[in-house]
Structures are given as C-alpha cells and as structure tokens.
Amino acid sequence: MSIKDKIKELIVEWETERLKEYCRSILKNNEATASNLLKIIGDIMKFVGNQFEEEEIFLPELIGSAETVKVVIDDVLDPAIRAAGEEKETMGKVVLGTVESDVHSIGKDLVGSFLFSNGFEVYNLGVEVTANQFISKAEEIGADIIGLSSLLTMSMDFQKQVVDELKKRGLRDKYKVIVGGSPTSEDWAAQIGADGWADDAIETITLVKKLLDISE
Amino acid sequence: MKLKKLEVLSKEEIESITSSALGILETIGIKIDDEKTRKICEEKGANLDGKSSFVKFPENIIKDLLKLVPESFKLHGPDGSFNFEVNTKTTQFATIGTPVRIYDPKLEKNKLKKSVLADTIQQIRVVDSLENVNCSHIDVWPSDVKFTAVHAHCLYQWAKNTKKPYGLGCLGRLASQDMMNITSLIVGSEEDLIKRPRLVGFMNPTSPLQLPKLMTNGLEVFAKYKQPTIVAPEALAGTTAPVTLAGLLAQTCAEIIGGIILAQVYSPISPVFFGTVSCATDMRSGNSALGAIESSLITIAIAQIARYYNIPSRGPGGVTESKIFDVQNGFERFSTMSLAAQAGINYITCAGTYESSLAEALELLVIDDELAGLVKRAMEGINVNEDTIAIELIKKVATSEQKGTNFLAESHTRKYMHKELYIPKLIDRGRRSTWKKKGSKDIIERARAKVDQVLADYQPYELTKDVDTQLLALIKEIEARPIELYMNAEGISGGSVNITGTEITIEKS
C-alpha cells in the first residue's frame with residue numbers, strides 16, 4: 001500500500017493516534033518530508049471535500065476526518081516543519097468563530113473543515129467568541145481572513161462589533177472580514193462593512209480565494 | 001423495540017371473521033366456473049351443488065388443505081443470482097398494477113401517453129436499480145404488442161433487463177404454460193424453475209365468491225410449477241361486497257381461502273400469498289378507492305388474518321386515486337404504504353402507480369423506493385441498550401471545555417448514523433438557498449433526474465445466442481396463434497391445442 005493510500009485509510013477511519021504514529025515513522029525513516037506529507041494530506045482532504053459536495057459522504061465523515069488531520073498536523077507535522085527550519089505552505093490563514101452570545105457551531109465547523117480541506121490554515125475559535133478574541137488571535141498568527149458566523153438575528157450585531165473594533169484599533173485594512181450564517185445576507189455584509197458574505201461552506205472557498213487573489 | 005404491529009381486530013374478532021368465512025365456504029360455497037376443477041374438488045371431499053357451479057368445502061377439508069400451505073418461499077431472478085425470501089415475518093416491496101398509461105414529462109398537456117413495450121422495458125430496468133423494491137411485474141402494459149403475446153414479449157424483456165424476479169397474471173392455461181416454457185428456457189430447465197421459483201402469479205377471484213375459469217386455469221399451471229401465486233380479490237365495500245368492513249372481510253376471506261385451497265388441490269404445497277386489493281367504493285362515482293383510509297383498514301385486517309393462518313400476506317401500498325402529482329398523490333401513497341408495512345403485510349405492492357394503479361410514473365417508482373426506505377426504518381423502531389443510551393458520550397460532549405462541541409465528529413455518531421437515521425436521496429431537507437442553487441427542483445424533477453441517470457447507465461443482461469434464438473422462435477410461434485386457439489384452450493370453445501411441450505385437449509363445457 002502506498003503512503004498516500006495508507007494515510008487516506010487512517011484519515012477516513014479517524015485513526016488519529018495511528019496516523020500520528022505512521023507519520024512519525026515515515027519522517028524517522030526519511031521516506032518523505034513533513035512538507036511532502038502535508039501535501040499528500042491536503043490532496044486527500046480535497047478528495048474528502050469533493051466527496052461531501054457530491055453527497056457521497058456526510059457531515060460527520062467530513063468534520064471527523066478534518067479533526068483527525070488537524071491533530072496530526074498540530075502535533076507532528078508542524079513541529080517537524082519548524083524543526084527543519086522550513087516555512088509551511090498555506091493558501092492562507094483564517095481565524096474563524098461564532099460571534100458573542102451565539103452557541104451555534106455546526107455551520108462554521110463545516111466552513112472550517114472545507115477551508116482546511118482546501119489547503120487553508122484554519123484557527124477555529126469555537127462559539128461565543130468576543131471581538132477581542134477574534135482580533136487577538138488574528139494578530140497572533142498573522143491571519144489573512146477573519147470569518148464571523150452568526151445563526152441568530154439577535155447575535156448578528158456582534159458581527160458588526162468585530163468590524164467596528166477593527167476600525168477602532170486601526171486594523172481594518174489588515175484583514176479581510178467575511179460573514180455568514182442563516183440570518184445574514186450579502187446586503188448585511190455590505191451594511192456592516194464586511195468584505196464578503198457566503199451562503200454556504202462551498203461558496204466560502206470561492207469567496208476566500210477571490211478575496212486573497214488566489215486563482216481557482 | 002421494533003414498531004408494534006398495527007391491529008384492527010381482536011383475537012375474538014379474527015375468529016369471528018374466519019369462522020364466518022369458513023361457514024360461507026361450507027354452506028354457500030364458492031363458484032368455480034371450470035367443471036373439471038369442480039370434479040377434482042369433489043374428489044378431495046368438497047360437495048357439489050346440483051346444477052349450480054358452487055362448490056362447498058366442509059371445514060375439515062379446508063383446514064387440511066390449509067395445512068399444506070408453505071409459510072415461506074424464495075423468489076429468484078432470471079439467473080438465480082438475486083433472490084429474497086417471502087415469509088410471514090418480513091416485508092418486501094414490489095410493483096404490480098395495471099397501468100395502461102405512463103407519465104411522460106416531455107408531453108405538452110396531461111403528460112400521459114399510452115404505454116408501449118419500450119416503457120415496459122424502462123420500468124423493469126428502473127426496478128432493477130432500486131434498493132428496496134425487489135420485484136417487478138407485468139404492470140406497464142405494452143399497447144404496441146399483440147395482446148395475446150404480451151406475456152411472451154414481457155418475459156423476454158425481463159430476462160434481458162433485470163436480475164430480479166417477475167410477476168404475471170394467471171391469464172389462462174395456455175398463456176401460463178407459455179410463461180413456464182419461456183422461463184424454463186431462460187433459466188435452463190423446468191427443474192430449475194420449479195426448484196427456484198422466478199414468477200409470481202396473480203390470481204384474482206371475482207367478488208362476490210367466484211373463481212373465474214381463466215384464472216383457475218392459470219392457477220393450475222402456476223401451482224403445478226410451484227410458482228408463488230397471489231390470491232387477491234378486489235372486493236369493493238358497498239358494490240361487490242357488503243359496505244360493512246366486517247362483512248367484506250368475511251366474504252373476501254372466503255374468496256382468498258377458496259383460491260388458496262384450490263392451489264393445494266391442484267398441486268399440494270403450492271406457495272401462495274394471502275392477498276388483498278380490496279378497498280372502499282367511492283360512493284359518488286362507484287370507483288374503487290385504493291387510497292381511502294378504509295382500504296388501509298381492510299389491508300391491516302388481512303395482515304392479521306394471514307398471520308392467523310401463518311401464510312405470507314400481500315397488500316397494496318403506495319396507491320392513490322390522484323391523477324396528477326399533487327398532495328393527494330403524496331399523502332395517499334405514503335399513508336397506504338406506511339399502514340400496510342406497520343400492519344405487517346409481507347409483500348407490499350403497486351410501487352410506481354397512480355390513478356387507481358391505471359397509470360404509471362417511473363418518477364413515482366423511484367420515490368416509492370425511497371418511501372419504502374423510510375417505512376423500513378420506522379419499522380425498526382428504537383434500539384435501546386447501554387451503548388445507544390450513551391451516557392458517557394453525553395457526559396464527554398456536554399462537559400467539554402471547548403464551547404460549541406457537538407456530537408457530529410464522534411465515533412459513536414459515525415457508528416450509528418446510518419442505522420439510526422435514514423438518509424434520503426430524493427427528499428429535500430437542505431436550505432432554501434442550496435435548493436435554489438440546484439435548480440429549485442421539486443421531488444418529481446429530482447426523481448426524473450435519477451430515472452434518466454439509471455436509464456443512461458443501464459447495461460442489459462446478456463442471454464446466450466442459443467437461448468436468445470429459441471426464445472425469439474417461441475415468441476414468433478405465440479404471436480402467430482389465432483385468438484380461437486386461446487378460446488379453445490381455456491374451454492371457452494371446444495377443441496384441442498398443442499403448444500411447445502404441452503398438449504391441451506379441452507371438451508367444450
């Protein structure tokens with residue numbers, strides 16, 4: 001079985017610990033570099049994302065696979081890349097979360113998994129994330145995009161607060177701000193001064209690529 | 001536990017109805033048109049009634065004959081690679097109907113056209129692709145084929161277009177014998193056909209209390225070849241049976257039992273279904289009302305009575321009087337299918353039909369397959385054990401320090417997802433915007449896309465050149481037969497008939 005096939009098998013089976021072990025052994029035996037493995041994993045996640053789009057697999061399979069991969073990258077591949085003194089290749093860094101007073105997570109988790117599957121580095125901050133938390137994380141990791149999710153009409157205003165807070169701190173032009181969630185719309189995004197809005201996870205990829213000038 | 005079976009009759013009520021049915025068979029009898037059959041029944045202990053065609057069966061004779069009925073049997077596809085068991089505990093889904101028209105979305109006006117052999121073939125192919133509908137029948141009637149050779153053409157197409165079993169009416173002894181000869185050729189031998197049944201026969205008594213000659217002639221052939229037969233009268237409450245459902249049940253049970261014991265008289269241990277298509281009468285038009293709620297009550301009662309006799313039951317589901325794809329079409333087809341399944345009917349038929357099963361839509365056929373999936377899931381009920389209650393998992397997710405943690409990416413979800421949640425393919429549950437992006441299609445359009453895909457991808461099954469040549473020669477021979485030959489064979493006029501492998505001599509009665 002090829003390295004790619006083995007990794008794919010472990011990803012789709014959510015075998016996080018076994019995938020870590022396998023990647024470590026590959027690195028130890030110099031069978032591939034961490035950057036190579038990252039590229040292989042990226043291709044596999046792209047395939048998994050396509051399967052989801054084609055309705056061949058379902059939400060748990062997509063999100064579960066992305067979670068497995070995330071742990072392996074954080075614990076094994078990132079440290080190896082750093083140790084080799086290399087720069088990690090990424091399509092872009094995205095800080096993502098559901099805004100204050102809103103606990104809905106599934107929509108933005110799906111967006112996160114999709115971005116991740118498409119080669120973006122995703123920092124999913126969870127739910128009830130304050131403007132300060134979004135901005136601090138973006139500053140810390142040098143984000144390109146801040147993604148704000150809101151599933152309640154009552155919490156939509158907190159998306160605006162993040163944009164306002166960025167302006168207040170003089171950081172507005174440093175990041176592209178995107179918004180999403182059932183009650184939001186393109187008009188809403190324009191109204192609060194965000195850079196873009198996407199209707200679903202798949203559209204988010206197109207939007208982010210457009211904002212970052214990445215050709216399809 | 002699994003979904004509890006629906007019941008409309010208490011044990012005492014079942015006994016009251018069945019003893020009335022046996023009483024009918026003993027005292028009134030059942031009218032058997034065929035004289036030879038009446039004589040065979042007399043030899044088995046039945047009493048003939050002078051000049052009338054009624055045959056009276058003493059209760060002990062009926063009970064002895066009922067003991068011969070198999071509790072289960074298997075049905076096989078042409079090459080035997082696909083098969084399923086029919087028994088008194090499980091539920092299978094199938095087609096059956098009498099559609100002479102088929103929906104065609106390309107047509108301008110009412111979108112219905114007279115069905116032709118090409119439609120029959122498409123229906124067989126679509127059934128072949130389905131997950132839950134396991135058997136097709138000669139329901140899409142080909143109007144472009146000589147009517148005395150429809151059975152031959154349909155069987156030829158069946159062999160080339162599906163791995164699943166097939167069904168045809170017991171349409172007289174000559175056509176039925178053709179069916180056995182053709183199928184024996186397809187499967188390799190008569191012995192194989194008898195050992196591994198391929199064909200379901202429909203034998204419809206005429207209400208009230210009549211077993212017509214054409215049907216009993218066909219039944220005799222099906223029984224001899226041990227092909228399972230559905231004995232299913234269509235008694236209509238208020239027209240061909242009492243309007244009281246209890247009265248209808250007593251009468252129709254006499255008709256069903258009459259047909260079932262006759263199959264055993266012809267050939268002991270013949271597989272049969274305790275069947276029904278009995279239904280309400282529409283008191284405004286006199287039409288049958290298969291989709292009526294009372295029709296489902298009859299179906300539920302028949303399921304109970306069939307279980308009482310330990311005989312597999314057959315009932316309609318997915319039936320409607322609606323002429324279009326409207327809400328009535330939807331609620332009647334789901335209501336009848338769901339209630340039949342909940343009642344424990346073992347063979348639920350009529351997938352793909354509408355307008356009292358006179359019209360067919362391949363779109364409805366694939367939708368019914370999905371409804372069958374929903375219904376099967378419902379019947380599984382709720383599985384309760386330590387692992388499914390999942391206390392530890394609830395604790396893990398609920399107390400996670402990470403806010404917004406949910407159950408989606410838990411192994412437990414993955415393990416049970418497909419078992420616990422039926423994931424439909426045609427039913428739309430997405431967001432409006434996603435639905436719009438996909439073309440704002442209704443379920444009929446989505447079903448059409450699936451039908452188109454199935455038909456575009458279809459790979460016919462190959463027959464050997466030798467079998468193909470023999471079949472075509474046989475069809476040619478059948479096509480060339482004049483109608484008089486059929487009339488002779490069925491005893492409608494006198495004379496003898498010689499068809500491949502069988503000589504039938506009939507004295508005019």
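## Exercises on a two-chain model

B:Tyr103 stands opposite B:Leu112 in β8(B). The model is predicted: local features need pLDDT of at least 70, side-chain atom pairs count only at pLDDT 80 or more, and totals for chains, interfaces and linings use all residues. Residues are numbered from 1 along each chain as its sequence is written, while chains are lettered from A and ligands numbered from 1 in the order in which they are written.

**Exercise 1.** Describe the contact between the domains of chain A.

*Solution.* First, the bounds. Domain 1 of chain A spans 3-83 and domain 2 spans 93-211; such bounds come from an automatic or database domain assignment. Their C-alpha centres lie 25 Å apart. Then count. Domain 1 of chain A gives 11 residues to the contact and domain 2 of chain A gives 9. Residues are in contact if their C-beta atoms, placed from the backbone, lie within 7 Å. Now find the elements. On the domain 1 side, α3 (34-53) and α4 (59-83) of chain A give two or more residues. α3(A) gives the most, with 6 residues.

**Exercise 2.** Find where chain B meets chain A.

*Solution.* Count both sides. 13 residues of chain B touch 17 residues of chain A. On the chain B side, α15 (411-420) and α16 (432-437) each supply at least two residues. α15(B) gives the most, with 4.

**Exercise 3.** Which residues have the most contacts inside the largest nonpolar core?

*Solution.* Define the core: buried Ala, Val, Leu, Ile, Met, Phe, Trp, Tyr and Cys residues joined through C-beta atoms within 7 Å. Buried means that 20 or more other C-beta atoms lie within 10 Å of the residue's own, with C-beta atoms placed from the backbone. The largest core has 132 residues, and B:Ala21, B:Leu25, B:Cys253, B:Ala254, B:Ile257 and B:Ile260 have the most contacts inside it. Helix α9 (residues 245-266) of chain B gives the most to this core, with 12 residues.

Definitions and conventions:
Contact = placed C-beta atoms within 7 Å. Pairing = 2+ DSSP bridges. Buried ≥ 20, exposed ≤ 12 C-beta atoms within 10 Å, placed from the backbone.
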